[in-house]
Amino acid sequence: VGDVEPALAEARRVLREQAAIELLPAHEPAVATLEVPAPAAALDSPCARGSWQADFGTGGAFFRHFAARRDGDRGSAPITVFVVRDVLGKSGCSLGPLVDYVTVDMGALRGGTRRVLVHELGHACGLPHSRAAGNLMLPRRMGERLQPWQAAVLRSSRHVTYR
């Protein structure tokens, strides 16, 4: 839990400064530890070509079951961030805008890779990787900047209520 809060604070800052989006928790507390043991397929989560197939397996079923649900007060669908033991071969994974969860490797929340959480939220809201120096959506060594079109995509996501 201690490494999650700084990564969330960084995500809040980047989204506020770059896209005028306020990151709000779907429920309180914003960070919670599940009381049930996760299956191995959830703890060691694949993220490579074809990883969308994992969403139909044991890990995906676990994530879907424990993902936050839409709140009647807000029109947007919340995104749940699951911190897992290992995102196989990567620091984080998002299956894109059609699912309501992302996974982040617990080791990625420390130090220079802290932005992996907000990077994966970007994917969940429809952003592809970028090649622009300093951009949040760089596959490695992500910066924090967003192009105006990227901010517009974020604000139009089904996961965001923009007023």
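Which residues on the other side of H5 are exposed? They are Pro148 and Ser156, where exposed stands for over 50% relative accessible area and buried for under 20%, with a 1.4 Å probe and protein chains only. The model is a predicted one, in which local features need pLDDT of at least 70 and side-chain atom pairs count only at pLDDT 80 or more, while totals for chains, interfaces and linings use all residues. Residues are numbered from 1 along each chain as its sequence is written, and side-chain values use heavy atoms, without hydrogens and water.

Helix H5 spans residues 148–156, and Gln150, Ala151 and Leu154 are buried in it. Viewed down the axis of H5, these buried residues fall within an arc of 100°, so they line one face of the helix; the arc is taken from the directions from the helix axis to the C-beta atoms. Their cover includes helix H1 (4–19) and helix H4 (116–124). Helices (H or I, at least four residues) and strands (E, at least two) are DSSP runs, numbered from the N terminus.

A nonpolar core is a set of buried Ala, Val, Leu, Ile, Met, Phe, Trp, Tyr and Cys residues joined through side-chain atoms within 4.5 Å. Leu117 and Leu154 touch the most other members of the largest one, to which H1 gives the most residues.

| Nonpolar core | Residues | Among its members |
|---|---|---|
| Largest | 27 residues | Leu117, Leu154 |
| Another, apart from it | 10 residues | Cys47, Phe82, Val99, Tyr101 |

Leu117 touches Ala7, Leu8, Ala11, Val81, Val104 and Leu109, not counting residues up to four places away in sequence, contact being heavy atoms within 4.5 Å.
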